Amino acid sequence: MSSGKVLTMNEKSRITTLTTRNLTHPLESDGCGECQTSCQSACKTSCGVVNQLCEQDND
Amino acid sequence: MVHQFKQNGYALAVDVESGSVHLVDDLVYDIIALYPGREEEEIVRNLADRWPAGDIREALTGVQALVDQGLLYSSRQAGISRPATASGIIKALCLNVAHTCNLNCCYCFAAQGTYKGEKALMSPETGRRAMDFLVENSGSRRNLEVDFFGGEPLLNWSMVKETVAYARSLEERFNKRFRFTLTTNGLLIDDDVIDFTNREMDNVVLSLDGRKETHDRFRVTMGGSGCYDIVLPKFLELVRRRSRGTYYVRGTYTHFNRDFVEDILHMADLGFDEISMEPVVSAPDEPYALTAEDLPQLKEGYERLAAEMLDRQARGKGFRFYHFTIDLEKGPCIYKRLNGCGSGTEYLAVTPAGDLYPCHQLVDDPDFLMGNLWEGVTAPHLAEAFAQCNVLTREDCQDCWARLYCAGGCAANAYHVSGDLLGIDPVGCELFRKRMECALMMKAAEAVNPAK
């Protein structure tokens, strides 16, 4: 079970920012396309892409 | 755009374009709601009856810092804001190896496995051709995916095994890696299926609807009797012996079990720790169809499930629910989030005869016949139509905070509900947004209360 990680806690801990992938950072290419197709996992009847893992090391 | 919500004692602000997620206190929550277009003094005046001015100004500094860092009220970079175009690359096939089934579930979107056509099994020759077709059309993609689907694929088990063996023989020569999934109702699982599946299938999807009375309501044999008692021991044994890859027990819930959370918890209590549960896909006039009136109860159910999962996690009895699974750091890139599931472009469904359709949910519709395994895609207008089917081209998605989590949703569902591939399924969207709120709340909870 992976835990969410905390990026920053500021202003007397009024705000806790979770570590997330920044989606406004452009990639070098238009995406590698190697990640799993969402309907190959478990759904088959409703779409969500956010539960797929990126195949690249995106640290 | 920023989406704010409170759930289970947590207040969250989600910055849609950057994907940033902030757990905030009540004062910051109020400030974020007021922030767009207002000066500091106006915000202070608005909140002065509830908070001391010094606190408001101090919290506002924190909010401003997030905005300055591009983590709140951010804008998408111009270079990313362009619709997808058809690349011609195909990387995933849903192989309908059996258009027939040994169960008679009346809620089946595939019409008891036949997709409203004749019963049929895919031949080994067609299976081999499908593997060649995938390699030929996959361009530079290395990871290729094949889902053995139906109907019930175990009714054509020897063909499945032959197809896997053939695909493996292509891997080294063409520098490809096949990932196989098997979706089964479980009736024909035996030692051979368990061993082969464990060895060759990266993922196994096991159809179980939950409690016995729920499962047996729809999942019945040709004789009309429920199959829970037959399949459950087989699923338990398959999962017990599974030493690699993933699996999901996957259920469908309907209007008749709006308390579907009880079914999920039942499966968790049985020892399954990878669980999925899908809203039924059906015509709106079916008695089991979900309706807008069901939404409050269903949404409340998801919230209860999320809280219960956190509680079980804290007690060392956690399990994974597919629709709450989200990886904020290693999740999909922006392009995946814009382009969606790839139906009709990089993902196609194949009938037993070798005909190609945009996805498994559109197999029964001749208007969506795209070509076949031997001639390839012969309806480029369909490929183009699906390539244009993304989150940027769906009008209804533009004001939705969850659009980069679903990538515009399921084109087949949208088509069946609205008659338009670029439409939406409003009930499905509402449920999806609630599931994402639950997933994000759980991430926040895990962040401040990390598992020991």
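Student: How many residues does the contact take from chain B and from chain A?
Tutor: This is a predicted model. The contact takes 80 residues from chain B and 47 residues from chain A.

Student: Which element gives the most to the side of chain B that touches chain A?
Tutor: That's α15(B), with seven residues.

Student: And how do the residues on that side of chain B divide into nonpolar, polar and charged?
Tutor: There are 36 nonpolar, 25 polar and 19 charged residues on the side of chain B that touches chain A.

Student: Back to α15(B). Mostly covered or mostly open?
Tutor: Mostly covered. Of the 23 residues in α15(B), 18 are buried.

Student: What should helix α15 of chain B span, at 1.5 Å a residue?
Tutor: Its 23 residues, 426-448, should span 33 Å. The end C-alpha atoms are 33 Å apart, so the two agree.

Student: Strands now. Which strand of chain B pairs with strand β2 of chain A?
Tutor: Strand β3 of chain B, residues 21-24. Strand β2 of chain A covers residues 15-18, and the pairing is antiparallel over three bridges.

Student: What is the bridge partner of A:T16 in β3(B)?
Tutor: B:L23.

Student: Zooming out, how many helices and strands does chain B have?
Tutor: 15 helices and 15 strands. The radius of gyration of chain B is 24 Å, close to the 22 Å from the globule rule for 452 residues, so chain B is as compact as a globular protein of that length.

Student: What about domains in chain B?
Tutor: Domain 1 is 2-77 and domain 2 is 92-324. Their centres, taken over C-alpha atoms, are 42 Å apart.

Conventions. Residues are numbered from 1 along each chain as its sequence is written. Chains are lettered from A and ligands numbered from 1 in the order in which they are written. This is a predicted model: local features need pLDDT of at least 70, side-chain atom pairs count only at pLDDT 80 or more; totals for chains, interfaces and linings use all residues. Helices (H or I, at least four residues) and strands (E, at least two) are DSSP runs, numbered from the N terminus. The expected span of a helix is 1.5 Å times one less than its number of residues. A residue is buried if 20 or more other C-beta atoms lie within 10 Å of its own, exposed if 12 or fewer, and partly exposed in between; C-beta atoms are placed from the backbone. Domain bounds come from an automatic or database domain assignment. The radius of gyration is taken over C-alpha atoms; the globule rule is 2.2 Å times the number of residues to the power 0.38. Two residues are in contact if their C-beta atoms, placed from the backbone, lie within 7 Å. Ala, Val, Leu, Ile, Met, Phe, Trp, Tyr, Cys and Pro count as nonpolar, Asp, Glu, Lys and Arg as charged, and the others, Gly among them, as polar. Two strands pair if DSSP finds at least two bridges between them.
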